[in-house]
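Please look over the sequence and the 3D structure below before reading on. The briefing then takes up a sheet, a ligand site and some backbone details.

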Amino acid sequence: LNKADVARQLLTGCATSPAKTRGEAFAPSNIALCKYWGKRDDDLNLPMTSSVSISLGDLGTRTALSMAEGADTVTLNGEVLARDSTFALGVSRFLDLVRPHRAAGFRVETVNSIPTAAGLASSASGFAALALALDDLFGWRLDPKRLSILARLGSGSAARSVLKGFVEWRAGDSPDGMDSFAEALPERWPDFRIGLLTVSSRPKAVGSREAMRRTRETSALYHVWPAIVERDLALIKEAVSARDFDRLGRTAESNALNMHATSLGAWPPVLFWLPESVALMHRIWALREDGPAVYFTMDAGPNIKLLFLAAETAVVKSLFPEVHIIAPFG
Ligand code: DP6
């Protein structure tokens, strides 16, 4: 079973010609509190474990789509991309899954509201917005489950970006991945804040796809990862429903550090941290000694994402003047 087979199965009975001239959608970016790290199927982006994320409110991707004969054209933040650029190729490969016939081309206009320097992954919101815009263009009205599966075929973390707020992506166990999709948790937490601290916005040496593959295949530490996730997932869901911020922050921070530890055990080793990342960790730990409940998480890069509640905003701003603060619940 490959991506094309799954897409065909997913879209059985769906229209193959557009319902309107232009489809459009927005999807938020998301940050995992319990990470997706390692796949059981590289082609279908099926994860080894479940994960939980928080979406980033109005930070994300807006995508508009229309059809035209000929090759795809992809515009990113107003700039037409070269056809052989990584981004345009990724988009075209994803569109191949739904292309009605060989000569059918798409015009894709994508705008990211994620601060470009933040070094945040745009693949999650990018593929989610693309899946939602296709649904709009073709008038499919897919349910959230099928939208999540479609987005997942573009990028694993995109499965979570079709939804808002706290989102759980259940790993599932079927080989075709029809049970591997995300669902929103019912809780809202209006005081929840995320602070982006950009250490470097340069493209990373090893991408998340390669890093997780190498880790799963070569790191002895990876064997304990599924058990860590099982524990952390339960703790995070409990913390969210009990509004226990300390438990949530502690668990999310520890989960991220454990993920990075598994990669350090890979060969060749993968270390995403820069000296500035480590310096920031020490500053956050020192701050916590003084009381404020400020935690952090990190993804496959050197940047730090602070987790805190609205009451700590002034402290966070004074200690980290460069921070970009996000209120996920508006
Ligand atoms: C560290 O979703 O970018 O951000 O499925 O290969 O596209 P692919 O990987 P991707 O990996 C995200 C990894 C992570 C953790 C997370 O978002 O859960």
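The notes that follow are grouped by topic.

This is a predicted model, in which local features need pLDDT of at least 70 and side-chain atom pairs count only at pLDDT 80 or more, while totals for chains, interfaces and linings use all residues. Residues are numbered from 1 along each chain as its sequence is written, and side-chain values use heavy atoms, with hydrogens and water left out.

**The sheet and its helix**

- An open, antiparallel sheet is formed by four strands in the order β11-β12-β10-β13; two strands pair if DSSP finds at least two bridges between them, and helices (H or I, at least four residues) and strands (E, at least two) are DSSP runs numbered from the N terminus.
- Because β11 (295-297) and β13 (324-326) stand at the edges and each has a single partner strand, one side of each is left without a neighbour in the sheet.
- Neighbouring strands of this sheet are turned against each other by 30 degrees on average, direction ignored, where axes are lines fitted to C-alpha atoms, for helices over the stretch in contact, and angles run from 0 to 180 degrees between N-to-C directions.
- Six bridges join strand β10 (residues 192-197) to strand β12 (residues 304-309) in the antiparallel sense, and the bridge partner of Phe192 in β12 is Leu309.
- Helix α8 (residues 245-264) lies across β10, β11 and β12 and runs at about 35 degrees to β11, contact meaning heavy atoms within 4.5 Å.

**The ligand site**

- The ligand is surrounded by 17 residues, the closest being Tyr36, Lys39, Ser155, Gly156 and Ser157; a residue counts here if one of its heavy atoms lies within 4 Å of the molecule.
- Helix α6 (residues 208-218) supplies the largest share of this shell, three residues.
- Of the 460 Å² of accessible area that the ligand has on its own, the protein covers 93%, as computed by the Shrake-Rupley method with a 1.4 Å probe.

**Backbone details**

- Most residues other than glycine have a negative phi, and most peptide bonds are trans.
- Asn77, in the loop between β5 (73-76) and β6 (79-80), has a positive phi of about 50 degrees although it is not a glycine.
- The peptide bond from Trp267 to Pro268 is cis, with omega near -10 degrees, and Pro268 lies in the loop between α8 and α9 (275-289).
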